[in-house]
Amino acid sequence: AIMQNAQRAGHVRFIGATTYGEAAALAALADDRYDCLQISYNLLDRQPEERVLPLAQEKHVGIVVRSVLLKGAFTHRYAHLPKELLELKEAAQQLDSLLGSEVSSLPELAYRFVLAHPAISIALVGTSRSHELEEVLSFGERGQLSPMLLNRIREVMVAPDQINPSTWPFR
């Protein structure tokens, strides 16, 4: 009630929640107090597509996406993933093999993939270099990914523990 009162008074424009996992996101959407949700969604963590993203669209709740690069796994750094994440490493390699005339880098593929979904409002960008930020911003200007490329991305899958950094054997 405090946040809603602050919103009605004009002190807060939007009320949001950061959620972890589908159950928490669905509970927040059922709550009807939130204008936006921050969720994990990326090239391999596509679980939100089934229920969370359609419901968010239906309820006009904005979606902010985190973990677009999955802690660097969707960059050239995937080659250095440890043996415990071999399945993730191989999946990143498969995704890397999809690069070509339509997309030139894994980060571009990752950002353009999440931004292709109509329910996504914002994709968070974490960087300490201005040129990387400028590069990510340019991805949004390159248009939609082709249906063929989107289908090829969806063919690449891994076990849930491979895409959940909280289960990784290191941090």
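This is a predicted model: local features need pLDDT of at least 70, side-chain atom pairs count only at pLDDT 80 or more; totals for chains, interfaces and linings use all residues.
Q: How many helices and strands are in the chain?
A: The chain has seven helices and four strands. Followed along the sequence, they give the pattern α-β-α-β-α-β-α-α-β-α-α.

Q: What does the radius of gyration say about the chain?
A: For 171 residues, a compact globule would have a radius of gyration near 16 Å; the value for this chain is 17 Å, which agrees. The C-alpha trace spans about 50 × 35 × 30 Å along its principal axes.

Q: How are two packed helices described?
A: Two numbers are used: the angle between the axes and the distance between the axes. Here, take helix H2 (residues 22-31) and helix H3 (residues 52-59): their axes come within 10 Å and cross at roughly 15°. Angles under 35 degrees count as roughly parallel, so H2 is roughly parallel to H3. The crossing of H2 past H3 is left-handed.

Q: Which residues in H2 and H3 meet?
A: From H2 come Glu22, Ala25, Leu26, Leu29 and Ala30; from H3 come Val52, Leu55, Ala56 and Lys59. Sorted by class, this contact has seven nonpolar residues, two charged residues and no polar ones.

Q: Where is Ser40 found, and in which strand?
A: Ser40 lies in strand S2, which covers residues 36-40.

Q: Which residues does Ser40 touch, leaving out those up to four places away in sequence?
A: With those left out, Ser40 touches Asp45, Pro48, Arg66 and Ser67. With Asp45 there is also a polar contact, side chain to side chain, at 3.1 Å.

Terms used: Residues are numbered from 1 along each chain as its sequence is written. Side-chain values use heavy atoms; hydrogens and water are left out. Axes are lines fitted to C-alpha atoms, for helices over the stretch in contact, and angles run from 0 to 180 degrees between N-to-C directions. Helices (H or I, at least four residues) and strands (E, at least two) are DSSP runs, numbered from the N terminus. Angles under 35 degrees count as roughly parallel, over 145 as roughly antiparallel, 65 to 115 as roughly perpendicular and the rest as oblique. A crossing is left-handed if the near helix is turned anticlockwise from the far one by less than a right angle, and right-handed if clockwise. Contact means heavy atoms within 4.5 Å. Ala, Val, Leu, Ile, Met, Phe, Trp, Tyr, Cys and Pro count as nonpolar, Asp, Glu, Lys and Arg as charged, and the others, Gly among them, as polar. A polar contact is a pair of N or O atoms within 3.5 Å; within protein, one must be able to donate a hydrogen and the other to accept it, and residues adjacent in sequence count only if both atoms are side-chain atoms. The radius of gyration is taken over C-alpha atoms; the globule rule is 2.2 Å times the number of residues to the power 0.38.
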